[in-house]
Structure formats: C-alpha cells, structure tokens
Amino acid sequence: MVDKVDIDAVLREAIAGEIPGVQWLQGDDGCDCLYERIGAWTNPYLGQTHQIRLCCAWDAIAKAIPGVEAAVQTLPFYYDNNRIDPQTHQEWDSEEMDMPLGLWYRQLAVKTGMPVAAIRQEYQRRQDERPRKVPKGAGRESRQPDPKEARLALLQRLEATGWRPEDVIASFKREDQEKERCK
Ligand SMILES: [Zn+2]
C-alpha cells in the first residue's frame with residue numbers, strides 16, 4: 001500500500017532545498033512572483049537540466065536597469081485566442097481538478113491587490129476555501145469554442161499582423177476543402 005503523497009508539501013521541501021535534485025516546475029508556487037515563469041534546457045546526453053526562474057531573474061534585472069520597464073506591458077485582460085473580445089478574470093471552472101494552490105494564491109493577490117507572500121501566509125490556514133472542481137458538464141472541459149467566433153478572432157489577429165483579409169478567407173476556404181476531402 002502506497003502512502004498518499006502530499007505534492008504541495010513535497011514541492012515546498014524541494015524548493016527549500018531539502019530534497020536535492022527535484023526540479024522547479026511551472027506553477028510550483030516556489031517564489032513570490034505574480035507571474036511564475038521557468039525557462040528550462042535539458043538534454044539526455046549531457047545528463048543535465050539548466051533552469052532559470054525567469055520571473056525572479058526579471059525582477060532583479062528590472063531593479064538593476066533603470067528604464068527597462070518601458071519594455072513591459074501588463075493588461076487587465078485575458079486574451080482567449082478563440083474569442084473576439086478580451087476576457088476579464090473568471091472563477092475556477094475545471095471539472096477535473098481543484099484549483100492549484102499557487103494559482104489560487106495568485107488569483108487572490110490580483111483580486112485583493114495584496115502581495116503573493118502575504119496571501120500565502122493568510123490562506124495557508126484557510127485551505128477549506130480553496131476552489132474545488134465543478135460538477136461534470138458545468139466546467140471548461142465541456143465547453144467548445146464557437147467555430148465562427150474562433151475564426152473571426154483569428155482573422156482579426158492575422159489582419160493585425162499584416163495579412164490581407166481576402167488572403168485569410170482564402171486560407172480558411174482551403175482548410176474547409178481539405179477537411180471535406182478527408183471525410
Ligand atoms: Zn519568481
């Protein structure tokens with residue numbers, strides 16, 4: 001009988017350096033950055049994995065280089081490639097899993113304007129409030145994008161990068177013909 005593994009605890013210990021050799025993972029809540037991002041280069045013949053915690057590295061770079069913030073943009077929207085209008089934040093809606101701990105802390109940080117570290121400290125003892133998975137059929141896994149809206153959204157993006165609308169529409173037509181042929 002295998003003991004139940006507490007992944008959050010394992011990751012915490014790993015990040016604190018108590019388990020050597022465990023890699024950082026995207027979303028591991030291993031730092032206080034709002035936008036966790038890890039760059040990784042790994043190769044079997046080297047037998048090594050090189051990782052950069054880009055979010056923390058960026059923080060240090062921004063402090064060291066005045067004016068570099070001009071190259072950064074944060075928008076209060078979520079851009080869904082299948083939707084025309086940008087989306088504002090949404091509540092947890094997975095049918096398959098509870099909200100990941102690190103993501104929950106960061107969503108709370110955005111909602112309240114408090115730092116991630118302060119949120120973590122407060123909500124570590126309020127785990128019963130962590131959003132759980134939603135009933136089957138009510139979550140994002142059961143929703144399909146509207147094909148018409150998805151195409152219009154793609155058309156808009158391609159136009160913004162220099163495509164002529166007639167060329168985009170011609171490529172859609174080719175795609176449809178190909179699908180029809182494969183039926
Ligand atoms: Zn970080």
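In this predicted model, the crossing of helices α5 and α6 is right-handed. The contact between the two is made by Arg 151, Leu 155, Leu 158 and Glu 159 on the α5 side, and by Pro 165, Val 168 and Phe 172 on the α6 side.

**The α5 and α6 pair**

- Sorted by class, the residues in the contact of α5 with α6 comprise five nonpolar and two charged residues, with no polar ones.
- Helix α5 covers residues 147–160 and helix α6 covers residues 165–182, and their axes come within 10 Å of each other while crossing at roughly 140°.
- Angles over 145 degrees would count as roughly antiparallel, and α5 and α6 are therefore oblique to each other.

- The buried residues of α3 are Leu 101, Gly 102, Trp 104, Tyr 105 and Arg 106.

**Asp 29 in its loop**

- Asp 29 lies in the loop between α1 (7–15) and β1 (38–43), and has a positive phi of about 60° although this residue is not a glycine.
- With 20 other C-beta atoms within 10 Å, Asp 29 is buried, since the cut-off for a buried residue is 20 or more such atoms.

Definitions and conventions:
Residues numbered from 1 in each chain as written. Predicted model: local features only at pLDDT ≥ 70, side-chain atom pairs only at ≥ 80, totals over all residues. Axes fitted to C-alpha atoms, helices over the stretch in contact; angles between N-to-C directions. Helix = DSSP H or I, 4+ residues; strand = E, 2+ residues; numbered from the N terminus. Parallel < 35°, antiparallel > 145°, perpendicular 65-115°, else oblique. Left-handed = near helix turned anticlockwise from the far one by under 90°. Contact = placed C-beta atoms within 7 Å. Nonpolar A, V, L, I, M, F, W, Y, C, P; charged D, E, K, R; others polar. Buried ≥ 20, exposed ≤ 12 C-beta atoms within 10 Å, placed from the backbone.
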